[in-house]
Each structure stands twice: as structure tokens, then as C-alpha cells.
Amino acid sequence: MTDTPINVLLFGAGGRMGRHLFRIISGEGHRCLEVEARQDPDVRGALDEHLLKASMVIDFSSPEGTTLLLERLLVRPVPCVIGTTGLTAAHHEALDVLAERVPLICASNFSVGLNLLLSLTAQAAGALAPESFDVEIVEAHHRHKKDAPSGSAQVLVASVETGRASSAGRASSAGRARKPDPVLFHGPGMTDGRPTGSIGVAAVRGGDVVGEHTVFFLGDGERIELSHRATDRVIFANGAWRAAMWLLGQQPGRYTMKNVLGL
Ligand code: NAD
């Protein structure tokens, strides 16, 4: 945290997330250096100019926008919070290189509740045998969302795998090592039958749904549902700003919301 006003480069400043962040950041007395591609045709030039003055970069744009931003950040590294979803392996490789020089966080969901859901999911997956409990993840988002399944659904898959791996680690010492499980992405119409131990993911798109994720652990005679429902996207902006403030005191490296929230 800092009481001294800082310059924050806000990339995607005119977008839905960008407007929330602008209100939060300027409301706390910090200065936003806004970059909005729909108003400024020379995005590269605007980035280079603002990166000279910025102490922090916050990105909620698009994968194409993040490609451009990372290219400029690798020339002029500044601590950054990356919230754009749908990123590729190439983005993550660039982020790894950048993290050798500055602290950064890239997260598909900055809400406190969703990050708690990740921890609870890993805990449940470690406790429930995959032979007895099928895992299905269902996510719903508004009609404008471009990527599917959501980045958060993919991180939830990783949480299930992490939880299972930790319990398989305990089991393997007793001679019951398990292989990694396949992940099924269901389209409309669903599939018939499912391999034991697989993790299904389904995406629903429509209306103004801000973001909902449910992890089902479906057994015979009982089931567990862990759900998170976002009703206002300001929670993502609040979380991203909290992450930005936390990053200011950190060494170069790649951090997660788990680090920020102490989960
Ligand atoms: P939006 O469509 O309202 O805004 C997108 C912004 O990005 C606009 O300012 C647009 O001009 C800019 N942009 C798009 N393409 C660009 C390019 N090629 N170069 C430069 N700028 C470009 O979208 P939004 O709802 O604000 O979401 C933005 C991103 O953040 C999406 O990827 C979304 O999935 C993600 N998101 C992440 C979280 C999270 O917690 N990590 C939460 C909500 C949204």
C-alpha cells in the first residue's frame, strides 16, 4: 500500500472494467494514464509515452491488446496487473520473461470469493475419490464474452487436479498412484457417458450474467456443489486494485491472488 499518489497506466481504460478501475484509482487520489484504443489510433506511441511515467500498469483489454502491451513492457518493464482473459501460451511465456525484471500478477478472476472457491475446490477434490465422485464445472457469462470456457473454469480444473494430485501423493506412498485425468469440454447437447475420473466443463452464454461458476462433485446418493456468483463486476476491479497495491512492495516474480489474499 502507498499513501503517495502514483501514476497508473490503465490499458483498456474505456472498457467496462477500465471505467470501474478509473473510478477506484482516481477516487483514492492516484493518477490514471488512460490508453483507449477506440480514441487513440497510435496505441503503441501512447503506451511508450505513459510507460516512462507509470509506476504500475493495469490491463483489462483483449488478447491482441495484451500482446501489444507485453511487447512494450519488455522494452520498458513496469510492475503490472494483467486481467485480460483468453491469453495464449505465448502471452504466458512473455509474462515469465517480464517477471524476471518486475513483480506481476496475471489472474483470470480477481474476486476474493472466486479465489476462495479455488481453495475449497482443491480441498474437496483431495477428499473425494475420483472413482466415486464425478466432477462437472458449469460456468455462465454475459452474451458479449468472447472466450469459452472461462479462464476461471480452467483454473478450477487445475484446482481439482491439484487437490487430486495431493491426495494421490498421499495414496501413492500407500501404493495407489493415479494417472492424470482427461478434461471434457461439453458443447450444447452434452455427451453420453463419461470416463471415470474425467472433469467436465460446460459454458453458458447469455444476457447480462456477470460471472457464475459451480463445481459439482456428483456421487451415488449424494452430491456437493460449490458455487460462486458475481453480481457486480466492481468486485474484479476492487481485487485488481488490491493486487496492484500489494505488488508495489514485492520483488520481481510472478504472483497469484492466493499470495495477495494470503489464502
Ligand atoms: P470491454 O469490451 O468493455 O473493454 C475492452 C477494452 O479493451 C476497451 O477499452 C477496448 O478499446 C480495449 N481493447 C480491445 N482490443 C484492443 C486492442 N487490440 N488494443 C488495445 N486495446 C484494446 O471488456 P471488459 O468487460 O472491460 O473486459 C476486458 C477484459 O477483461 C476481457 O478479456 C475480460 O474477459 C477480462 N475480465 C477479466 C476479469 C478478471 O477478474 N480477470 C474480470 C472481468 C473481465
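S150 sits in the loop between β6 (134-141) and α6 (151-172); helices (H or I, at least four residues) and strands (E, at least two) are DSSP runs, numbered from the N terminus. The model is predicted, and for that reason local features need pLDDT of at least 70 and side-chain atom pairs count only at pLDDT 80 or more, while totals for chains, interfaces and linings use all residues. Residues are numbered from 1 along each chain as its sequence is written, and side-chain values use heavy atoms, with hydrogens and water left out.

- S150 counts as buried, because its relative accessibility is 2%; buried means under 20% relative accessible area, exposed over 50%, and partly exposed in between (1.4 Å probe, protein chains only).
- When neighbours within four places in sequence are left aside, S150 is in contact with E139, H141, K145, R205 and H213, where contact means heavy atoms within 4.5 Å.
- Along the chain, S150 and D96 are 54 residues apart, and their C-alpha atoms are separated by 22 Å.
- P149 also has its place in the loop between β6 and α6.
- The peptide bond that leads from A148 to P149 is cis, with omega near -5°.
- In general, most peptide bonds are trans.

**Overall form**

- The protein chain contains eight helices and 11 strands.
- Its radius of gyration is 20 Å, close to the 18 Å that the globule rule gives for 263 residues, so the protein chain is as compact as a globular protein of that length. The radius is taken over C-alpha atoms, and the globule rule is 2.2 Å times the number of residues to the power 0.38.
- Taken along the principal axes, the C-alpha atoms of the protein chain fill a box of roughly 60 × 40 × 30 Å.
- Of the 263 residues of the protein chain, 48% count as buried.
- Among contacts between residues at least 6 apart in sequence, 69% join residues at least 24 apart.

**Surface and charge**

- The protein chain has 26 positive and 28 negative charges, whose mean positions are 2 Å apart. Lys and Arg count as positive and Asp and Glu as negative, without His and the chain ends; each charge is placed at NZ of Lys, CZ of Arg, CG of Asp or CD of Glu.

**Nonpolar cores**

- The largest nonpolar core has 30 residues, of which L21, M56, I58, V81, I105, F110 and W241 touch the most other members. Such a core is a set of buried Ala, Val, Leu, Ile, Met, Phe, Trp, Tyr and Cys residues joined through side-chain atoms within 4.5 Å.
- Two or more residues of this core come from each of β1 (7-11), α1 (16-27), β3 (56-59), α7 (234-247) and α8 (257-261).
- Helix α7 gives the largest share of this core, eight residues.
- Apart from this core lies another, of 25 residues, which includes L51, V57, L95 and A99.
- Beyond its neighbours within four places in sequence, L21 is in contact with L10, I58, F60, A237, A240 and W241.

- N115 belongs to helix α5 (residues 112-127), and N115 is buried, with a relative accessible area of 6%.
- Not counting residues up to four places away in sequence, N115 touches N109, F110, M257, L261 and L263.
- S132 lies in the loop between α5 and β6 and is partly exposed, at a relative accessible area of 41%.
- S132 is in contact with L218, G219 and D220, once its neighbours within four places in sequence are left aside.

**Two further loops**

- Q39 is placed in the loop between β2 (31-35) and α2 (43-51) and is exposed, with a relative accessible area of 71%.
- The C-alpha atoms of Q39 and G14 are separated by 8.8 Å, and these residues are 25 apart along the chain.
- R76 occupies the loop between α3 (63-75) and β4 (80-82), and R76 counts as partly exposed at 37% relative accessibility.
- Residues up to four places away in sequence not being counted, R76 touches L51 and L52.
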